[in-house]
Protein chains: 2
Amino acid sequence: MPMPRALGEREIIEIIWKQLDKMPKMPIAFGDDISACQIESGKLALLKTDMLVGKTDIPRGMSLWQAARKAVVMNVSDFAAKGAQPRAVLVSLGLPRGMTRKDVEEIGKGLDAGAREYGAYIIGGDTGETSDLVISVSLFGLGRRGELMLRSGAKPGDLVAVTGLFGKTSAGLKILLHHMKVETAVRERLVESVLLPRARLKEGTALCGTGAVTSSIDSSDGLAWSLHEVAKMSRVGFFIDHIPVDENAARFAEMNGLDVAELTLYGGEEYELVVTVRPALWMKAQEAVEKAGGCLFGIGRVTGEQKVVLRFNGEEQVVEARGYEHFAI
Amino acid sequence: MPMPRALGEREIIEIIWKQLDKMPKMPIAFGDDISACQIESGKLALLKTDMLVGKTDIPRGMSLWQAARKAVVMNVSDFAAKGAQPRAVLVSLGLPRGMTRKDVEEIGKGLDAGAREYGAYIIGGDTGETSDLVISVSLFGLGRRGELMLRSGAKPGDLVAVTGLFGKTSAGLKILLHHMKVETAVRERLVESVLLPRARLKEGTALCGTGAVTSSIDSSDGLAWSLHEVAKMSRVGFFIDHIPVDENAARFAEMNGLDVAELTLYGGEEYELVVTVRPALWMKAQEAVEKAGGCLFGIGRVTGEQKVVLRFNGEEQVVEARGYEHFAI
């Protein structure tokens, strides 16, 4: 008998969703980066949960402190994409047998670092025994209906922008997992992007305050996937004419004979924001991000036809709806 | 070299807690059944997270539907103990490779059943690949400062009560795991208590409304453990003169030559509430629970000396601070 095809992450989420009674008038659509529950007229509780799993999310070379911090940061990134400040963090911790006191201390310190870096506090949690290390993080924050940046809302003619350059984590992972080579200085930057990811929370809240943004998503599943998700939820398309390649990633691609566009579009765990901006408010958006200490790079524009097209080296190509797949050791 | 002693669940939580920056003015002390974060003057966001892990929390004979439902119910029980209504549920799901569409559907239906039974909705979540099945559930609800039942607050002279009888799940687990014997009718009830646990949410919210309760905890780690936790956080002791044994559990103990007190005090995953009640308001508390469709059984009283004493069969014995340990297959 043939083996049944393994279910993908998004397929599993869709199957689960189909079994559920739906909360009436959900303030944020299912499938957006975070969830919400109305507290009172206009006021929302914002909630997010995601787990980090040892065998797929902790590459060789990442310490327990870094892994624990990352478990928080990857959740903060989803709040950042909505322009929302996380306030409280809960952690459900599955530990393999044989963890020492020092290991657990390291995890505690990493969790705290991830929360405090973004102005949140860890206020509770629980622990149990698992085969893999599992760090399930939940965030809570407050927001107002109509003031969050959602995945839906992009309009043809809007500008598309990102808060940082791509390809770094993809290259960094290849260095850590497959021992690919590059000069030491370049290597360090690329590896650091994997081990010490940063969420664009200041950029996200600053952008949200401008009213310039029509849609937003984080790029943890890769730039191509993020664009396709916004395309689906906003019923638009994208024309990308400026590919945001990080220079170190480009150097890495060159040295290892890799395709720069592939590295930039289909890598993952790159916690940048991908936003669409009203053209008339572009300068306002850019200034807000710069004032927050970040950068906003224009990469193209929103189109009416639901597909993603890239113009690169003078040629046009269709960007596939292909996401980053977690590695398994 | 001798193997280092394995860290216990509570030890791990304490080590983590020591590494954390503390949120100023936490409305609910760390270590209570749930956590809270102030929204505005007096108004609290209530939060809870706990994970169910295949190898320690899903006994043989429990279906995926039942396991998923239980993952929600065990979290609802902690809300029940505080007298709080959960409103929204998030689920972080770790699935072993090889799960079929039917398996995932069953999990989705079980999660939904657990939430809807208690008036909550599942509004979001995420999934990843793990070696064990891991179902990490987070609950959100609203409450008001000063209106929740905490673990602290019991006063000498208060009455101690429970919302149900004990020993059932402990006996049920022995039947499922060790094939211990008992008559079919008795067996069914004992096994059902393991496979279909119920949270005392109606009882908890009814009790909370009376103002009669001075402290409250759920009994998921066993009756003895719960009493010791309240003793620690309220700086009191207990004198238990009526041991709340379920009749089916008593029959099971008799048939298998087991100690009834042991079964009642140190079993776990029995989601009853253990509360202390102002003596002058006892009738009010009892009536409120009965009106909600439940029962309140007096089992003893609060004392000034921080220890737990049981009078059983005419003899007094000290109840140990021993909790339920999760089984491992």
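**View 1. The two domains of chain A.** The C-alpha centres of domain 1 and domain 2 of chain A lie 23 Å apart. Domain 1 covers 9–144 and domain 2 covers 159–318; such bounds come from an automatic or database domain assignment. The contact between them takes 19 residues from domain 1 of chain A and 21 residues from domain 2 of chain A, where two residues are in contact if their C-beta atoms, placed from the backbone, lie within 7 Å. On the side of domain 1 that touches domain 2, the residues divide into 9 nonpolar, 5 polar and 5 charged (nonpolar: Ala, Val, Leu, Ile, Met, Phe, Trp, Tyr, Cys and Pro; charged: Asp, Glu, Lys and Arg; polar: the others, Gly among them). This is a predicted model: local features need pLDDT of at least 70, side-chain atom pairs count only at pLDDT 80 or more, and totals for chains, interfaces and linings use all residues. Residues are numbered from 1 along each chain as its sequence is written, while chains are lettered from A and ligands numbered from 1 in the order in which they are written.

**View 2. An open sheet in chain A.** The sheet has 7 strands in the order β7-β9-β6-β10-β8-β11-β12, with mixed pairing. Helices (H or I, at least four residues) and strands (E, at least two) are DSSP runs, numbered from the N terminus, and two strands pair if DSSP finds at least two bridges between them. The edge strands of chain A, β7 (213–218) and β12 (315–318), each pair on one side only. Strand β11 (308–312) of chain A pairs with β12(A) in the antiparallel sense over 4 bridges. A:Leu310 stands opposite A:Gln317 in β12(A).

**View 3. Two helices packed in chain B.** Helix α7 (201–210) and helix α11 (282–291) of chain B pack at an angle of about 145°, with their axes 8 Å apart. Axes are lines fitted to C-alpha atoms, for helices over the stretch in contact, and angles run from 0 to 180 degrees between N-to-C directions. Among the residues that meet are B:Ala206 and B:Leu207 in α7(B), and B:Ala288 and B:Val289 in α11(B). By class, this contact has 5 nonpolar, 2 polar and 3 charged residues.

**View 4. Two loop residues with positive phi.** Most residues other than glycine have a negative phi. A:Lys25 has a positive phi of about 50° and is found in the loop between α1 (9–19) and β1 (35–40) of chain A. A:Lys25 counts as exposed because it has 6 C-beta neighbours inside 10 Å (exposed: 12 or fewer other C-beta atoms within 10 Å of its own; buried: 20 or more; partly exposed: in between; C-beta atoms are placed from the backbone). B:Arg235 has a positive phi of about 55° and is found in the loop between α8 (223–234) and β8 (237–240) of chain B. With 13 C-beta neighbours inside 10 Å, B:Arg235 counts as partly exposed.
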